[in-house]
Amino acid sequence: MPEVKDHELVVVGGGAAGLTAGIYAVRYGLDLVLLAAGAPGGQTATATTIENFPGFPEGISGAELIMRLTQQAQNTGVSFDSAEVQQIVPDQGRWRLLTDVREYMTTAVILTVGASPRRLKIPGERDLFGRGVSYCATCDGFFYRGQTVAVIGGGNSAVEEALYLSDIAEKVYVIHRRDELRAEKVVADRALRKPNIQFIWDTVPTEIRGEDAVTSVALHNKKTEEDSEVAVDGVFVAVGYEPNTGFLGDLIELRDGFIVTDQRMRTSQPGIFAAGDVRDTPLRQVATAVGDAAIAADSAYRYVAERR
Ligand code: NAP
């Protein structure tokens, strides 16, 4: 028989949302454990500088923010287990979490397992990450004032990032693999009207070039089969996100793989809540993730309190 731990709440995920949910839930007096598969931090920990998180006028590195959040969680009394959740199954009105280490029985669950930006998997992308290659215009766009950047993708994220960047950079190329945008018409039309946004259609990037920083991107036109190169100072990859929801199977309602919640962060399953990047949400930022997490912890508290 595997070891079974019993709690009122299990928070799954150790990024900004998970840590915040833990801090709030402890302060509500819930008996909880936070499960993180590796070191806490999630995507936040990889951000070089976060300049838009309120309260840090000089900006703060992602690693520092996570260190402070982790410290705060520990000071508050959040207990941590290192375990990767593999399955969640209903068990007599509660939830049983199967992990690689042991099982957990719990009344409520807050899922904060995050999402990862999809990679292009082309030469230069990994080597120049943080030196011109970015997956977040809201985070890094500021550095490209008056410069030339490329956005890869044709969805809402790519077009919204292009619009955002067009107010900062001098010129923005949008490189899309088809001749029609996936983005919603309203936002697409706005981008198509912007004089400093130039669309490069039917084209995929084949290499991101530069020694210490990005200097150009190599392109291949899928219709004409022509190869070309465009000089840029930055490349913003916006080809979608991959939510870390594979382990959920068909337990919870998902939209494009992301967890659907209501405004109290309730999922389609009673007692299971979600917060942060894994949630179906219009903006994936630390500020929104921690806001979600506070609401999720409040909802989980109410749910547990009614069943005590
Ligand atoms: P998305 O809708 O999946 O779009 C990804 C885009 O990248 C598509 O245009 C796709 O091309 C392209 N792409 C995918 N893989 C590629 C590759 N390997 N090489 C080149 N191009 C590639 O992703 P998203 O834009 O991040 O949006 C994700 C979800 O969040 C969507 O449901 C979106 O509506 C939503 N969202 C909403 C808002 C909002 O409402 N304000 C803002 C952002 C995102 P194809 O078109 O050819 O498939």
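**Group meeting: a ligand, a helix and a sheet**

Let me start with Ser-299. Setting aside its neighbours within four places in sequence, Ser-299 is in contact with Arg-264 and Phe-273. Contact here means heavy atoms within 4.5 Å. Ser-299 belongs to helix α6, residues 286-307. Helices (H or I, at least four residues) and strands (E, at least two) are DSSP runs, numbered from the N terminus. With a relative accessible area of 5%, Ser-299 is buried. Buried means under 20% relative accessible area, exposed means over 50%, and partly exposed is in between, with a 1.4 Å probe and protein chains only.

A word on the model. It is predicted, so local features need pLDDT of at least 70 and side-chain atom pairs count only at pLDDT 80 or more, while totals for chains, interfaces and linings use all residues. Residues are numbered from 1 along each chain as its sequence is written, and side-chain values use heavy atoms, with hydrogens and water left out.

Now the ligand. How many residues surround the ligand? There are 16, and the closest are Asn-156, Ser-157, Arg-177, Arg-178 and Arg-182. To be counted as near, a residue needs a heavy atom within 4 Å. By class, this shell has four nonpolar, seven polar and five charged residues. Ala, Val, Leu, Ile, Met, Phe, Trp, Tyr, Cys and Pro count as nonpolar, Asp, Glu, Lys and Arg as charged, and the others, Gly among them, as polar.

Next, the polar contacts, meaning pairs of N or O atoms within 3.5 Å; within protein, one must be able to donate a hydrogen and the other to accept it, and residues adjacent in sequence count only if both atoms are side-chain atoms. A side-chain N or O atom of Arg-178 is 2.7 Å from a ligand oxygen. For Asn-156, that kind of pair is at 2.8 Å. For Asp-256, the distance is 3.2 Å. Taken alone, the ligand exposes 910 Å², and the protein buries 76% of that. These areas come from the Shrake-Rupley method with a 1.4 Å probe; for residues, only the protein chains shown count as cover.

Which helix gives the most to the shell? α4 does, with three residues. So let's look at α4, residues 156-166. Its buried residues are Ala-158, Val-159, Glu-161, Ala-162, Leu-163, Leu-165 and Ser-166. An α-helix has 3.6 residues a turn, so residues three or four places apart point the same way. What covers the buried residues of α4? The cover includes helices α3 (137-140) and α5 (185-193), and strands β9 (148-152), β10 (171-175), β11 (197-200) and β15 (234-237).

Tyr-164 is also in α4. Buried or partly exposed? At 36% relative accessibility, Tyr-164 counts as partly exposed. Beyond four places in sequence, Tyr-164 is in contact with Ala-137 and Thr-138.

On to the sheet. Five strands form an open sheet with parallel pairing, in the order β8-β15-β9-β10-β11. The edge strands are β8 (133-134) and β11, each pairing on one side only. Two strands pair if DSSP finds at least two bridges between them. Two bridges join β8 to β15. There, Val-133 stands opposite Val-235 in β15.

There is also a hairpin. Strands β13 (residues 216-221) and β14 (residues 227-231) run antiparallel, joined by five bridges. Val-217 stands opposite Val-230 in β14. Five residues lie between the two strands, and Glu-225 in the turn has a positive phi of about 65°.

That brings me to backbone angles. Most residues other than glycine have a negative phi, and most peptide bonds are trans. Lys-121 has a phi near 60°, a positive value in a residue other than glycine. Lys-121 sits in the loop between β7 (115-117) and β8. At 72% relative accessibility, Lys-121 counts as exposed.

Asp-202 is not a glycine either, yet it has a positive phi of about 55°. Asp-202 is in the loop between β11 and β12 (203-209). Buried or exposed? Asp-202 is buried, at a relative accessible area of 13%. The side chain of Asp-202 reaches the backbone nitrogen of Asp-179 at 3.3 Å. Not counting residues up to four places away in sequence, Asp-202 touches several others, including Arg-177, Arg-178 and His-220. Remember that Arg-177 and Arg-178 are among the closest residues to the ligand.
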